[in-house]
Amino acid sequence: MKLKSLLRKSSPERLRSIADFWEIPLNGQSAAADGETLADYLYPRLQSPSHFRQAYEKLGAREREWVYLSAIHGGELPVEEFRRRCGFDSGQRMSEAVTRMGERGFLWRERIRDKLIGLDLVGIPEPFLRLIELPPYWQGFLGFYLHGLGSVQLKWIMENTLGEGGSSRGKQALVHYVRRRMLDPEGLKHVLSGRHPTQLEMFQQILHKNGMCAWRDLLEAGAYKRFDHGRSELLRELVEQSGLVFVYRSASNMYNNLLIAPRDVAYTIQSGYRKDERSLEELGRPAQEINATRVRPRPQLPSSVILDNSNNILRDLVILCAYIQRNPVKMLNNGSLGRNDLKKIVPLLSHNKTLKYTTYLALFAIVRKLIIAVGNQWRVSGSLIQWLQQGPQACFQEVYDFWLTANEWNEEFVDGDVVHADNYPQDLINITELRKLVLRMLRKLPSHAWIDFNTFAESLLPQIAIELPGHVEPSPAGKFNRHPSLIIESMLAESLYWLGVIALGVADLNVAQRLGSRHNDEIAPYDPAHPLTGGLVGRDDTRFCFKLSDFGAVLLSRPYLNPEKVFARMPDPELPYCEETLYFTVQPNQEIITPPDLALDRLFRVLQFANIKKVDVMTTLSITRESLRAGLDTGLTAPMMIELLGACSRKELPETVRQLVNECDSCHGEVDMGLAGGYLKVNDPMHLEEIKANSKIAPAIKDVFGDRLILLNRTADFKKIARELQRLGHMPHVDSDSLYETNDGLFQVTLRTDELYDLLAILRFAILMEGQTGESIFEERVRPLFQRLSINAQDKFNPKLYAESIAKVFLGKFEKATQKTVDAATKKYRRQVNRLMTQMPRTGSCSGYRGQNPATEPPDITRLIKYAIENEVQVRICYQRSSGEVVDEVIEPEGLQAKKVHAFCPDQGAHHTYALERVRSASISG
Amino acid sequence: MEKPLIVQSDRTMLLETDHPDYEEARDALAAFAEIVTSPEHFHTYKITPLSLWNAASAGLSAEAIVESLHRFSRYPIPQNIEYDIREHVARYGRLRLLEEGDTLVLESDDPLLLEQLWHDQRIRVFLARKLGKRRAQVQKGQRGFLKQALIRRDFPVEDLAGYQEGAELSIALRPVTLAGRHFSLRPYQRDAAVVFHQNGGPAGGSGVLVLPCGAGKTIIGLGILEAIGQHTLVVVTNITALRQWRDELLDKTTVAPETIGEYSGEIKAIKPITITTYQMLTYRKSKNAEFVHMDLFDSNRWGLIIYDEVHLLPAPVFRAVANIQGKRRLGLTATLLREDGKESEVFSLIGPKKIDIPWKTLERQGWIAQALCTEIRIDLPEPLRHEYAVADVKAKFRIASENEDKVHAVRELILLHPDDRILVIGQYLNQLEKVAAEFDAPIITGKTPNKDRERIYGDFRAGRIHVLIVSKVANFSVDLPDASVAIQISGTFGSRQEEAQRLGRILRPKTGRNTAHFYTLVTRETRERQFAIKRQLFLTEQGYRYRIIDSVDQLVEEPETEQRAIS
């Protein structure tokens, strides 16, 4: 519609009311002027962007939609179509609305009287089209392109496509005639049937690629990737003369032109030749609004769920780290966290989270070195607390920055984490560039409006083809490559939702769980038998919509590709995580209620001895005996816990909590379990009695030392024993948290550097000592161990040298210590010798034997006889003969052989042999 | 200033109790949310479809609910909550059940809705024929099942079909009880009875009353019985409660003993007022056999059926209840939350919540006493430690429970409360006997003959004795007199129900300070402590003050603290 002619035809009253609404001041002269003068006065002013914007923003949301609807169809629509698409239930209502809008200068009516077509139109004047910025997802309708064509081209279409002569005079009539024919299902079928097979094939390809395609791609799509002049000509004709394909964006090189099949034409075909009468609302309407505005129960429409993760991701990250701190989490061979561990973490996080989300957080923690692998266990790094203390916005900046730049995570790969995939995924899209593209598109969206994902994807997909050339087309056999629409889905429904940039609206939570992790088979495949169906992304039950969150809107209004600039000043009240609270509430029922903005380091500290109950707006934690034990096992003490709770608690710390902590602390460590040696150590002998009496632990006991130490069998099941001890009310403390028993029966020790040096030094000292004494004290056990532990670090400080020097210090100290003992012993010895010398009688018999007379020791017959033999004395024995008769005899023993005594018997004057065992008693005779 | 309420996306809400706007917010929430736990600082509420329908049935609009959430909410309200509220509230009242002559009619303002239900197989079976676009005739005897089916489809129906009248019964409340005390309904009890009865109109006559323990639910039941004046069936949870109802009826109303029937395992008498238990109703010989006593519902022309502790209504009874939708029915409970989540069945079959009085309100008004809970920890004497160490798990608990040092603590406590009536509650008879001998106090166990029991109770009430020792079994007896101090010397943590009942004993209003003390003696570092933790959690969740001390001396040393707690 031509603005000038519309104005000239209008009554002065109407023009004045327009001027009034647009707040265009009429000076005295023009106020009194006639219609024509007034029209000329208004004509340039109505085209001024500032005036237009001002007036446009005064319109209601619904009224703006009417303007929008006209704009996306090229500025004007037939009255009846306009009524249907805008949802007016009667012509009268619509007339009233249009009249009202007419008085504001926005909607106009016009009648085409042509022998080709007679139509009543409603629409906006042409200049307004330039002033309304159409977001990409509302572009691409047939009317819009037809209005952009020249009369000559329109005539070509009439002749070439519709097979009719262009007998009309006016371009407007031609536009509407062509549009009506093309959008009529029967007419469209007729048009398609008249195309050249190659053209039809090219058109199908465009449809299959979601309605948009690069010129170049169509030419090269044949079996031979050679330039085909005939094909090129046909394509040119298709674009210029068919009315089926238009240039969406022209490039400097024609082959890079982006072609589009009008969206309403595509819809008609893909919906099985149903006329496209979708309203603006249906084109970009979220489930939420469908539900909220409906008046009748429509049970087939599922109720909607809105998911918003603002404020959660940092809390979830802290929870993940706290879990790793408290539980042994294995490192897999590929360097990631075990799936089973991740599965245990998922329910602890904020509601409705997936395994993939947890993987993402874990990846960030690994890359950022918040957690580090020690042996095959993950441990929280010492720098975590510092990292958390820098403030939530600084933390969040890193999380956002990570997503923006990380190649470690790739939305194309269905599992996300590329680094720790078992097979490195090949030929993935340049994901960082794609992220930028998506953000750029999001930036064009109106904030706070719900956008249908399919609509968004439709407009984005062709641009991916242009801006990220070389991306491998996903094939059904392709293991890693996913369809671009699935990549965008993953980016929106996962990454950006996780980061809190957008909020999702889904039909139900099950849908939300599937989004982002779907495979290519969920995209309707290209089917040669039905080439014109399929290709659209997503089925109805998995459709979802999204909108920018408050944070998203602020982020995109700033230099979003440069996180440092986004978070230039901190704290920034416009961004999330601005404030930090230092306090929470501890309830007497051992519940801790923490606000969403609790300082992250405090949250982490509390989580070391409290369990997660729920993460919602508030984080609810609970303190139990088990959680306290876990805390105590990691080295916390009751005073530390009470101090933290006391410092953070908004109210006085409840007595019940204080008591529980103290009680657990006093219980804890009463029984120590040593995994390495397999022992139990108790503080109180009563506990030892109790453990010995327990029927489940007793079989595992190997030995008991004293009243405090129990040695366990090698085969004892420690977990079972620990459980049993817990059941008895104990809190067994596992001796060392740096010692783990692996499945294959090995022990893994974690040592700090200085501890390792000390150990090496001690071993080295042992070796030195052996060398000095020249004795093999350690039976060749120390040297191999020392060899095994020594590492040859060429470029670093060599631990061997360090150990050597400490060992020498040890040796020096040892020598000093032993010297002391020797000196002391010598001193004592000298004193004794001196004393003995002084007590010794200077004269008298010097019998060699001093000490007690062995004869006084009756039981030792053998010694007595030996004595008698040596001293040639007589012995009186009481001897039992073999006949049983007992006799007293005096003998002179001469020799002892085995258990026989040879002796001379003076009474009988003969030598006899006596059995020692039958000598009942013996004494020195005489 | 921050606001007191935090609305979470899983429909729970946390209300900060120390906030100046707390009371206002609490009163607003009570109309459309159920209280789940009430520890000292934050109370947890939950919005359920049922709580919203209850609100809608009380005439509250979605706008009003959302508005009050906005008014008190500290953080932005999660977006789905508002939507859920509108959705559920809008569903109430769109369907009505009316009685027209002999037929029952389901009516809706929305022809499409009725059409949809007509084509829904699970609902269609209960409908006889269509009576125009907005109305359908309900099949005979299917009223309850239809209501159940509709609520499963999330369409609560407003039942305006009225009731069958029962046989008449002459009953009035006594101004002076048989025991000789003045008696009248308290204002809130009278209100509850009026709200329920609605002068006999179709809007009244069915519903659930939610009142805290010790608020006198039975008494309200008596009041309603008087207002309706028809034959009544009372279903209670156990035989003890059965006897309590009987005694209360005899004590406080004019009904003659022969008009009250006990329908239990021992006696099966059907009288104008018959009392039975859920257990009795759900009895059957084998797993697949018929329920033997379920026909009790049809055995008389009942005008009213009272379900005591309605949140415990067992699932098989639902079916029987669905059958008798023509009768007036009253549910009494302290909480509407069921462990099995079948609150909405209660709603559809018994009726909406009619009144909900928080206990703090009653405490403030002085209808129930303020309770102070104290746990006293006592060491295990050295000689017993070895015995404890080597005992098995069960014996351990017993050794800890029977800790002799508890007797000293009891003595100190008795000395501390010279003017109070004191109940000493325990599980083990020989322990109780020792305590009784020690203090020369009477003891009541399950074996004590009724005559002795009544005499002792009489003495206790009259103040001739001030310490009474009762076993765990006797402790459930309902004629147990009120006391202001309870000392629990042994016993496991029972069900929440049991604990609440025990506490109810001492929560009756007291003349004078109106403070009740509940002491628990626990042996330190033993298995007894683990049960004590359960009790502690329960009590703190209910919002009672809970203290832990190491010796009775601490109570004597800190009288000021106690004073503050009382004031």
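This is a predicted model: local features need pLDDT of at least 70, side-chain atom pairs count only at pLDDT 80 or more; totals for chains, interfaces and linings use all residues.

Trainee: Okay, so how do strands hold on to each other in a sheet?

Mentor: In general, the strands of a sheet pair through backbone hydrogen bonds, and they can be parallel or antiparallel. Here, chain A has an open sheet of three strands, ordered β1-β3-β2, with antiparallel pairing.

Trainee: Why is one side of β1 and of β2 of chain A left without a neighbour in the sheet?

Mentor: β1 (76-78) and β2 (108-113) of chain A are at the edges and have a single partner strand each, so one side of each has no neighbour in the sheet. As you go from one strand to the next, the twist averages 30°.

Trainee: How many bridges join β2(A) to β3(A)?

Mentor: Six bridges, with β2(A) and β3(A) (residues 118-123) running antiparallel. To pick out one pair, R111(A) has D120(A) in β3(A) as its bridge partner. There's a helix on this sheet too: α7 (residues 79-86) of chain A packs there, touching β1 and β3 of chain A. The direction of α7(A) makes about 100° with that of β1(A).

Trainee: What does a hairpin look like in chain B?

Mentor: Find β7 (residues 127-130) and β8 (residues 135-138) of chain B, which pair in the antiparallel sense over three bridges. Across that pairing, R129(B) stands opposite Q137(B) in β8(B). The hairpin has four residues between β7(B) and β8(B), and G132(B) in the turn has a positive phi of about 90°.

Trainee: And how do I describe two helices that pack together?

Mentor: You give the angle between their axes and the distance between the axes. For α11 (residues 151-160) and α12 (residues 171-183) of chain A, the angle is about 35° and the axes are 10 Å apart. The crossing of α11(A) past α12(A) is left-handed. On the α11(A) side, S151(A), L154(A), I157(A) and M158(A) make the contact, while α12(A) brings K171(A), L174(A), V175(A) and V178(A). By class, that's six nonpolar, one polar and one charged residues.

Key: Residues are numbered from 1 along each chain as its sequence is written. Chains are lettered from A and ligands numbered from 1 in the order in which they are written. Axes are lines fitted to C-alpha atoms, for helices over the stretch in contact, and angles run from 0 to 180 degrees between N-to-C directions. Helices (H or I, at least four residues) and strands (E, at least two) are DSSP runs, numbered from the N terminus. A crossing is left-handed if the near helix is turned anticlockwise from the far one by less than a right angle, and right-handed if clockwise. Two residues are in contact if their C-beta atoms, placed from the backbone, lie within 7 Å. Ala, Val, Leu, Ile, Met, Phe, Trp, Tyr, Cys and Pro count as nonpolar, Asp, Glu, Lys and Arg as charged, and the others, Gly among them, as polar. Two strands pair if DSSP finds at least two bridges between them.
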